[in-house]
Amino acid sequence: MWRAGMKWMLLILGSLIGAGYASGQEIWQFFGDESGLAILLFTIIFTLSTYIVMKISFEEKSEHFLPILEKLIGPMLAKVYDLLIILYLFTTTIVMIAGGGVTLQMFQIPFWAGVGLFALCTAFIFLWGLNGILSVNSYLIPILVAGLLYALISFHAAHQQPWLLNMNRQYNWPAGIAFASLNVLSVVAVLSAVGKELKGLGEARIASLLSGLVFGSISFMYNETLVVLAGQLSHYEIPLFAVLEGAPFPMFMFMTAVLCVAIYTTTVTSILGLSSRFLTLVKWPRWTIALFLLLLMLPFTSFGFSNLIAFLYPIYGLLNLYLLVNILLYPILCKWKN
């Protein structure tokens, strides 16, 4: 049971720790000073919502997110969210693939070659189906988490900055709800694809608790580190590089590779969510659907998506908040109906 729980935990972390998170941009955008309570609140909400989604997925033996949405918000609204999640996964995956191409330029690989290589590696893993994705996650996610922890702990050791939760100065606590809301669509999209594979609720409890603890702990350490560097962050496009200031060059290259891993795992889990949904519409092998989706996305990677993201993300934020509230209220409403 513990082994299975760890497997699902790695899948959850792989869907959430993308380039935006690993680079520190999401952390700094949502949190910052006086945010210890916000991160604690986020950890609790994230753990609860993850377990509830996994529980529904297990009970429904789901293979995609539509049955989960119908249980949470009803058949009518589920159709709206169905399209929303497809659009969300499609657009964010395009951004991830483009980001992978840009990151690989650090290794002297041309952008289009990097984008093509990134898409090819993503499609390749789907030849082994869900087991292949879980196997790759079991190797890549520990490297990703270990790399982030190493960078943060090294900074802490060098600067002797304490990580403290001062309850007297915690005015940014609503950010915890907003950050949980941001991540809820990914949680629903990915976990609903594996409901049929879950063997029991014990796995769900272990996966949700461990993923919440790991995600919350890294977020707290990362945020406290960035608070110390607040005066320098304006000079860096990627906050992580401010943390690495003064580190040896091999460390910079290693952390660049960690960013590539973060982009890759998020891309894979997003394609997993999309392909699971389309498997109900076409009787193709999963790898064929994954390849088709990636080929469809490639022409868009050269476009400027800043305006699209600026328009869509506020909408996602509002709709995500409604979905999050329904997830948290689901156990209460179930007991009330019974």
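This is a predicted model: local features need pLDDT of at least 70, side-chain atom pairs count only at pLDDT 80 or more; totals for chains, interfaces and linings use all residues.
**Stop 1: the positive patch**

Select Arg 3, Lys 7, Lys 61 and Lys 199 and show their side chains. These residues come together on the surface as a patch of positive charge. Now zoom in on Arg 3, which sits in helix α1, residues 2-16.

**Stop 2**

The whole structure holds 4 salt bridges, and we'll visit some of them. Start with Lys 55 and Glu 59, whose side chains form a salt bridge at 2.6 Å, N to O. Colour helix α4 (residues 36-60) and you'll find both partners in there, 4 residues apart, or about one turn of the helix. How exposed are the two ends? Lys 55 is partly exposed, at 28% relative accessible area, and Glu 59 is partly exposed too, at 43%.

**Stop 2: from α4 across to α5**

Next, pick Glu 60 and Lys 71. Their side chains meet in a salt bridge of 3.7 Å, N to O. This pair ties together distant parts of the chain, with Glu 60 in helix α4 and Lys 71 in helix α5 (residues 66-73), 11 residues apart. Glu 60 is partly exposed, with a relative accessible area of 34%. For Lys 71 the value is 39%, so Lys 71 is partly exposed as well.

**Stop 3: loop to loop**

Now select Glu 63 and Lys 196. Here the side chains make a salt bridge of 3.4 Å, N to O. Which parts of the chain does the pair link? Glu 63 belongs to the loop between α4 and α5, while Lys 196 belongs to the loop between α9 (174-191) and α10 (201-228); the two residues are 133 residues apart. Glu 63 is partly exposed, with a relative accessible area of 42%.

**Stop 4: the nonpolar patch**

Which helix gives the most to the nonpolar patch? That's helix α13 (residues 286-297), with 3 residues. Finish on Trp 128, found in the loop between α7 (111-125) and α8 (129-159). Trp 128 is exposed, with a relative accessible area of 53%.

How values were computed. Residues are numbered from 1 along each chain as its sequence is written. Side-chain values use heavy atoms; hydrogens and water are left out. Patches are made of residues with over 30% relative accessible area and no salt bridge: like charges are joined within 9 Å, nonpolar side chains (Val, Leu, Ile, Met, Phe, Trp, Tyr) within 5 Å. Accessible areas come from the Shrake-Rupley method with a 1.4 Å probe; for residues, only the protein chains shown count as cover. Lys and Arg count as positive and Asp and Glu as negative; His and the chain ends are not counted. The place of a charge is taken as NZ of Lys, CZ of Arg, CG of Asp or CD of Glu. Buried means under 20% relative accessible area, exposed over 50%, partly exposed in between (1.4 Å probe, protein chains only).
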